[in-house]
Each structure stands twice: as structure tokens, then as C-alpha cells.
Amino acid sequence: MTNIRLGIIGLGAQGNTYADFINENKVKNVVIGAICDIDPDKKALATEKYPDTPFYNDYIDLLESGDVDAIVTTVPHYLHTEIGKAALNRDIHALLEKPADIYAEKVKEISDLAASKPELTFGIFFNQRTNPLYQKVKALIDDGDIGQIRRTNWIITTWWRPQAYYDQSSWRATWNGEGGGVLVNQAPHQIDLMQWLCGLPEKVYANVKYGYQ
């Protein structure tokens, strides 16, 4: 099988994770085709760690370089669909990190575009689906080993993030980069897991409070 040349757009925490996994041969039939980031420090890092890999400051230049067959977007939230659509329009496979966007209409736009190009692979990656724990739960449910689900109650108390988490990227916890708080950064993992395991809800109710005296 021919290796897929993956373009990593954004060399932050997640981008480095992808690059390290591929560089350590932990992902079959995938090689790093090119890396892109606007931060000069990231260019220096990429030059040191991946000296033979082309580096671009502009993702359009990467997409038009001929160096990649597919891309993954490890960038601030607002940029995923913008970059993903640019890739699909150039017949390049696209994997978007979660959340695909802050706005549902933007996600629908890229989903419709991907549907019009069935020859391309498109996906939105929720990494908790790769957790063996949740995969086991999924298998137990799908195989009917625990019977029909009547009720679910999803409580997560272990996803607290220290300040160091927010310090690792300047866009985190900002309106311009992240677009919101826990609901658009950490909670999407839990919302995705719940609907993946238990099915889509028929209706959703939200009770939002701004704080207490």
C-alpha cells in the first residue's frame, strides 16, 4: 500500500502528537508530507525535529505544494472548516480536529461539500472514541450484552484543566481563538461519547446560569 503523505496544519500540542506518532512509526502507511504553522518558533522546532519535512507558513501554500495527499487541522476552533474546505476544493482528504467549528452552519457547509466529493475521505476526529474503555462499552451495547438502554446519566468530574493547559497555547480560553468555555473545548468529547454510545437525543434542554452571589 502506498503511504499517505499527511500535512499537519498547526504544530501545537495536538499537531506535535500527530507528528510524533507518525515519526515513531505508530501509524501504518502514513508519513509526514509537510508541516504548516505561522509561529516562527514552530518552524525552528520542525526544522530541528523533522529536518527533511517541508515547512510552510501559509496553509494555502502547503495545499498547493503537491507535498500532501491529506491534511489534519490542529488549529484554533474557527479555522477548522476554513482550512478543511480549502483542502477538499483542491481534492485533498481532510481530517478536522474537534470541534469542527463554533457554528453549526459552518460544519454543515463542509459536510455538504464533502458529500459532493465521495472520492475524498473527510472526518471530524473525536479522540475519545479510540479509548479502549469506551470501545469496550460500545461493543457491549451494540452486541446487546447488557440489554436495551432505558436511561443514561453521564457525569464527568475528572476533566479539570490546570493553568498549564491554557498556557500551552495563546488561543486557548479566548473568544477569538476558542469561541467559548468548556462547552466548546472539553465537553464536546463527552457529548460525542454520549450520543455515540447511546444514540442521538430527540430533544435537548439547557439551563444556563451566569453565577451566584
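Before the first stop, one definition: a salt bridge here means a side-chain nitrogen of Lys or Arg within 4 Å of a carboxyl oxygen of Asp or Glu. Keep in mind, too, that you're looking at a predicted model.

**Stop one: a salt bridge.** Select Lys 85 and Glu 109 and show their side chains. They form a salt bridge, with the closest N and O atoms 2.8 Å apart. This pair ties together distant parts of the chain: Lys 85 sits in helix 4 and Glu 109 in helix 5, 24 residues apart. By the same rule, the count comes to 9 salt bridges. As a reminder, side chains of opposite charge can pair when their charged atoms come close.

Switch to cartoon view and look for an open sheet of 6 strands, in the order 3-2-1-4-5-6, with parallel pairing. At the edges are strand 3 (55-56) and strand 6 (122-125), each of which pairs on one side only. Now select residues 4-9 and 30-36, which are strand 1 and strand 2; they pair in the parallel sense over 6 bridges.

Most residues other than glycine have a negative phi, and most peptide bonds are trans. Go to Asp 91, in the loop between helix 4 and strand 5. Asp 91 isn't a glycine, yet its phi is positive, about 60°. Next, select Lys 98 and Pro 99: the peptide bond joining them is cis, with omega about -20°. You'll find Pro 99 in the loop between strand 5 (93-97) and helix 5 (104-115).

**Stop four: the largest pocket.** Select Thr 74, Val 75, Pro 76, Ser 169 and Trp 171, which lie nearest the centre of the largest pocket, out of 39 lining residues. The volume of the pocket is about 880 Å³. What is the lining made of: nonpolar, polar or charged residues? Colour by residue type and you'll get 13 nonpolar, 17 polar and 9 charged.

How values were computed:
Residues are numbered from 1 along each chain as its sequence is written. This is a predicted model: local features need pLDDT of at least 70, side-chain atom pairs count only at pLDDT 80 or more; totals for chains, interfaces and linings use all residues. Side-chain values use heavy atoms; hydrogens and water are left out. On a 1 Å grid over the protein atoms alone, a cavity is a set of points where a 1.4 Å probe fits but cannot get out, and a pocket is an open set with protein on both sides within 12 Å along at least five of seven lines; lining residues have an atom within 4 Å of a point. Grid points are joined across faces, edges and corners, and a volume is the space filled by probe spheres set on the points. Ala, Val, Leu, Ile, Met, Phe, Trp, Tyr, Cys and Pro count as nonpolar, Asp, Glu, Lys and Arg as charged, and the others, Gly among them, as polar. Two strands pair if DSSP finds at least two bridges between them. Helices (H or I, at least four residues) and strands (E, at least two) are DSSP runs, numbered from the N terminus.
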